[in-house]
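Subject: Handing over the model

Hi,

Here is the structure I promised to pass on. Please have a look at it first, and then read my notes below.

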Amino acid sequence: MEVVLHVYDVTNSGSDKTNNTILQINKFFKDGIGLGGIFHSAVQVYGDEEWSFGFCEFGTGVFSCPPSKNPMYTYRERIVLGETNCSIFKVNQILRELSREWPGESYDLLSRNCNHFCDVFCERLGVPKLPGWVNRFANAGDTAMEVAGTTAMKFRQAKAEVVTASKVAYRFLAGIASNSTATTESPSSPNRGATAPRFQGAWFKNLMSIGAKPSTSEVPDDTDVMLPQQSQKSSDLLEHSPKHNL
């Protein structure tokens with residue numbers, strides 16, 4: 001039995017201006033360059049009905065109407081997809097299954113629309129799926145959203161890794177400062193009793209500004225960290241250098 005795809009321009013916005021814009025988009029992108037457009041589709045097999053899918057709050061979203069006569073859209077063309085070996089009884093069984101699997105509330109413009117339904121229906125009938133241009137815009141939009149979501153997830157992961165690395169660096173530098181102070185004050189140190197320059201802990205705070213601040217039990221915010229004695233020139237550079245947030 002022959003399986004026919006009926007394609008419509010989507011002109012159900014309620015606005016003549018919007019509907020005309022969609023018609024122009026479809027004319028340019030489909031008729032002009034063969035890329036795609038904004039379309040509704042339905043499948044006809046056995047009898048004088050075409051089957052499609054749409055949104056509704058309750059019950060199945062699968063519905064039928066006379067071929068090429070859907071009043072919500074502007075009819076464009078018919079495409080013969082092939083012939084199915086399924087009997088009329090098998091087709092009815094497939095439609096019952098699809099009616100349960102495709103509730104109206106599950107409709108999604110980009111990922112679960114009428115064209116996706118027709119693809120699944122054709123697959124079960126054993127005929128080729130819809131031409132790529134019929135649903136290309138929705139597929140492109142769905143892919144773009146997926147890429148955006150993946151990018152956002154990777155950004156969050158990278159930010160978490162930066163925070164972790166900052167914490168490690170903070171503790172490492174704090175440990176060096178503590179060890180250096182202990183060495184300076186040890187009895188064997190030739191600089192014992194000398195006054196070591198003090199380095200403000202704000203630099204460590206700025207390092208951590210992009211993530212969670214370490215607990216005050218590790219390095220208090222208002223406590224200066226002692227570094228080994230340096231020349232007066234180096235001390236002046238540290239105390240007068242601008243503090244940058246990373």
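What follows is a short tour of the chain, from overall confidence down to single residues.

A word on ground rules: this is a predicted model, in which local features need pLDDT of at least 70, side-chain atom pairs count only at pLDDT 80 or more, and totals for chains, interfaces and linings use all residues. Residues are numbered from 1 along each chain as its sequence is written, and side-chain values use heavy atoms, with hydrogens and water left out.

Confidence first. The protein chain has a mean pLDDT (the predictor's confidence in each residue, from 0 to 100) of 75, and 56% of its residues reach 70 or more. Residues 186-200 have a pLDDT below 50, and the model gives this stretch 27 contacts (heavy atoms within 4.5 Å) beyond near neighbours in sequence. Residues 237-246 also stay under 50, with 12 contacts beyond four places in sequence.

On the fold, the chain has 6 helices and 7 strands; these are DSSP runs numbered from the N terminus, with helices (H or I) of at least four residues and strands (E) of at least two. Their order from the N terminus is β-α-β-β-β-β-α-α-α-β-α-β-α. Of contacts between residues at least 6 apart in sequence, 73% join residues at least 24 apart.

Of the 246 residues, 33% are buried; buried means under 20% relative accessible area, exposed over 50%, and partly exposed in between (1.4 Å probe, protein chains only). The chain exposes about 14900 Å², with carbon and sulfur atoms supplying 56% of that area. Accessible areas come from the Shrake-Rupley method with a 1.4 Å probe, and for residues only the protein chains shown count as cover.

Leaving aside residues up to four places away in sequence, Leu125 touches Val3, Val43, Val45, Thr84, Asn85, Cys86, Val91 and Ile94.

His40 sits in strand S2. This histidine counts as buried because its relative accessible area is 2%. Among the residues it touches are His6, Tyr8, Phe53, Phe63, Tyr73 and Cys114.

Tyr107 is in the loop between H2 and H3, and at 29% relative accessibility it is partly exposed. Its contacts include Phe53, Phe55 and Arg112. The C-alpha atoms of Tyr107 and Gly61 are 7.7 Å apart, although 46 residues separate them along the chain.

Finally, the surface. Lys27 lies in helix H1 and is exposed, at 51%. Beyond residues up to four places away in sequence, Lys27 touches Gly32 and Arg76. Together with Phe28 and Leu35, Ile33 forms a nonpolar surface patch with about 290 Å² of accessible area.

Best wishes

Methods:
Patches are made of residues with over 30% relative accessible area and no salt bridge: like charges are joined within 9 Å, nonpolar side chains (Val, Leu, Ile, Met, Phe, Trp, Tyr) within 5 Å. A salt bridge is a side-chain nitrogen of Lys or Arg within 4 Å of a carboxyl oxygen of Asp or Glu.
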